[in-house]
Structure formats: C-alpha cells, structure tokens
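Visitor: I would like to learn how to read strand pairing and nonpolar cores in a model such as this one. Could we go through them in turn?
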Amino acid sequence: MRTARFPFWTKNKKMLINQKYIQINVEAADCFQAIEAAASPLLRDNRIDEGYITAACEREKIFPTGLPTPVGVAIPHAEPDNVLEEAVSLITLKNPVVFHGMGAPEECIDVSIVFLLAIKDGEKQIETLQKIVLMIQDEMVLQKIAGAKNPEWIYNLVKDIDGLD
C-alpha cells in the first residue's frame with residue numbers, strides 16, 4: 001500500500017524541489033564549482049544568502065558528501081544559518097568531478113549528480129537525506145537522472161517516486 005510520495009514534499013504539501021532548481025549538463029572543474037553551480041538558482045531566488053555557498057564548500061572539505069553509487073552522487077549542504085527559505089537543488093554534470101567519500105574521506109568518487117540541500121530544520125534535513133539515499137539506491141533512477149535531456153523530465157521523475165511504502 002502506498003502511503004506517501006517521495007521526499008521533496010513537506011508536511012504542508014510544499015515542494016522542496018522546484019523545476020527551476022534543476023540544471024542539466026553543468027560544467028564544473030571541481031566539487032566546489034559544482035556546489036556553487038547547484039547553489040546559484042537558490043541564491044538567485046533568495047532561498048539562501050551568499051554565505052551559504054562558502055559554508056557548504058567549507059563543510060565539504062571537513063565532512064565530504066560523495067556517495068559511491070553506480071552513478072556517483074554527492075549531497076552537499078551547510079548549517080541552516082544561511083538558509084532563508086528551504087529548498088533542494090539538483091544538477092547533473094557534463095563531466096564527473098571528484099568528491100571525497102561521505103564517511104570515507106580518503107575515497108575519491110567521480111560524481112555526476114549533485115543534490116544540494118538548503119534546509120533549516122535539522123530533523124527535516126536528516127529525513128530528506130534519508131529519502132534521497134533511499135532513492136539513489138535504485139540504479140535505474142540514477143541512470144535516468146544522469147541521462148535526462150531537460151529539467152522537467154527529472155522533476156517529474158523525482159516528484160513521483162514512491163519512497164515511503
């Protein structure tokens with residue numbers, strides 16, 4: 001029995017991810033440029049302030065977020081101080097960039113998909129992280145996201161995935 005839709009719905013039915021926060025085939029030279037690219041639409045829409053990008057990059061140096069999935073994924077985020085309104089951004093990279101492994105910083109992971117979390121509430125951040133991790137365990141979903149030709153397609157995929165049976 002299906003009881004809930006995938007992660008990006010908040011309890012008040014507001015979406016954390018918006019189609020305009022999804023970018024495809026982004027060029028980045030390294031993980032920090034990827035974080036900046038993922039953050040740019042959130043900054044443009046005043047979801048985060050300028051300090052968020054620096055904070056997320058600094059956090060990535062200390063607590064890396066790369067995950068060794070069949071298609072490499074990273075889930076960078078920062079403390080809530082620079083979050084103005086909660087949102088999730090998603091980018092696919094034209095060419096993978098190296099992120100270090102979450103829980104295994106010595107591991108270098110070629111990442112092609114980046115989910116950037118800008119969430120104020122710690123409990124909601126953990127819940128969203130868990131739901132993303134659940135989703136990215138499905139290799140077919142990762143392949144579809146990585147190969148998507150437009151943001152609308154990714155948006156329709158992630159908003160409809162049932163992750164809480």
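Guide: Two strands count as paired if DSSP finds at least two bridges between them, strands (E, at least two residues) and helices (H or I, at least four) being DSSP runs numbered from the N terminus. This is a predicted model, in which local features need pLDDT of at least 70 and side-chain atom pairs count only at pLDDT 80 or more, while totals for chains, interfaces and linings use all residues. Residues are numbered from 1 along each chain as its sequence is written, and side-chain values use heavy atoms, with hydrogens and water left out.

Visitor: In which sense do E4 and E5 pair?

Guide: E4 and E5 pair in the antiparallel sense over 11 bridges, and in their hairpin, with two residues between the strands, Gly-103 takes a positive phi near 80°. Strand E3 (residues 72-74) pairs with E5 in the parallel sense over three bridges. Val-114 in E5 stands opposite Ile-91 and also opposite Ala-74.

Visitor: Which residues have the most contacts inside the largest nonpolar core?

Guide: In soluble globular proteins, nonpolar side chains tend to be buried together. A nonpolar core is a set of buried (under 20% relative accessible area, 1.4 Å probe, protein chains only) Ala, Val, Leu, Ile, Met, Phe, Trp, Tyr and Cys residues joined through side-chain atoms within 4.5 Å. Here the largest has 28 residues, and those with the most contacts inside it are Ala-34, Tyr-52, Ile-91, Leu-93, Phe-99 and Val-114. Helix H1 (31-44) and strand E5 (104-118) are among the elements that each supply at least two residues of this core, and its largest share, seven residues, comes from H1.

How values were computed
Buried < 20%, exposed > 50% of the residue type's maximum accessible area, 1.4 Å probe, protein only.
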